[in-house]
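Here is a brief report on one structure. It covers the sheet, the strand pairings and the core.

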Amino acid sequence: MKFLIVFVALFAVALAAPADDVTVLRQISEVGPESFSNAYETSDGTSVQSEGQLKNIGAENEGIVSRGSYKFVADDGQTYTVNWVADENGFQPSGTHLPVAI
């Protein structure tokens, strides 16, 4: 599960990466023993938010369920939004620009 959190964080950073003179407008991060939430927004129109919590605490199938979204302005000038859930079924992104499995 730590891999998932690190993956999502790195993915968010990669989306916000090489841009000129981009500043962070808002950043919030709260981490507790059984949950987390974070969000940030930058001056280039990128925003990311996620939250997660442990489920089945103390059970053999204990795990973390997280969900969130991110949006960014692409090179074509369009704003793209991806909503996602990560749980025992894996990482499940959704967005109007993403292909849908048949």
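In which sense do strand 1 and strand 2 pair, and over how many bridges? The pairing is antiparallel, over seven bridges. The model is predicted.

## Strand pairings

Strand 2 spans residues 35-42. There, Tyr40 is the bridge partner of Gln27.

Strand 3 (residues 47-55) pairs with strand 4 in the antiparallel sense, over nine bridges. Val48 stands opposite Tyr70 of strand 4. Strand 4 also pairs with strand 5, again antiparallel, over eight bridges. Tyr70 has Val82 of strand 5 as its bridge partner. The hairpin of strand 4 and strand 5 has five residues between the strands. In this hairpin, Gly77 takes a positive phi near 90°.

## Nonpolar core

The largest nonpolar core holds eight residues: Tyr40, Val48, Tyr70, Phe72, Tyr80, Val82, Trp84 and Ala86. Strand 4 (63-73) and strand 5 (79-87) are the elements that give two or more residues to this core. Strand 5 gives the most, with four residues.

Strand 4 has eleven residues, and eight of them are buried, so this strand is largely enclosed by the rest of the structure. In soluble globular proteins, nonpolar side chains tend to be buried together.

Key
Residues are numbered from 1 along each chain as its sequence is written. This is a predicted model: local features need pLDDT of at least 70, side-chain atom pairs count only at pLDDT 80 or more; totals for chains, interfaces and linings use all residues. Side-chain values use heavy atoms; hydrogens and water are left out. A nonpolar core is a set of buried Ala, Val, Leu, Ile, Met, Phe, Trp, Tyr and Cys residues joined through side-chain atoms within 4.5 Å. Buried means under 20% relative accessible area, exposed over 50%, partly exposed in between (1.4 Å probe, protein chains only). Two strands pair if DSSP finds at least two bridges between them.
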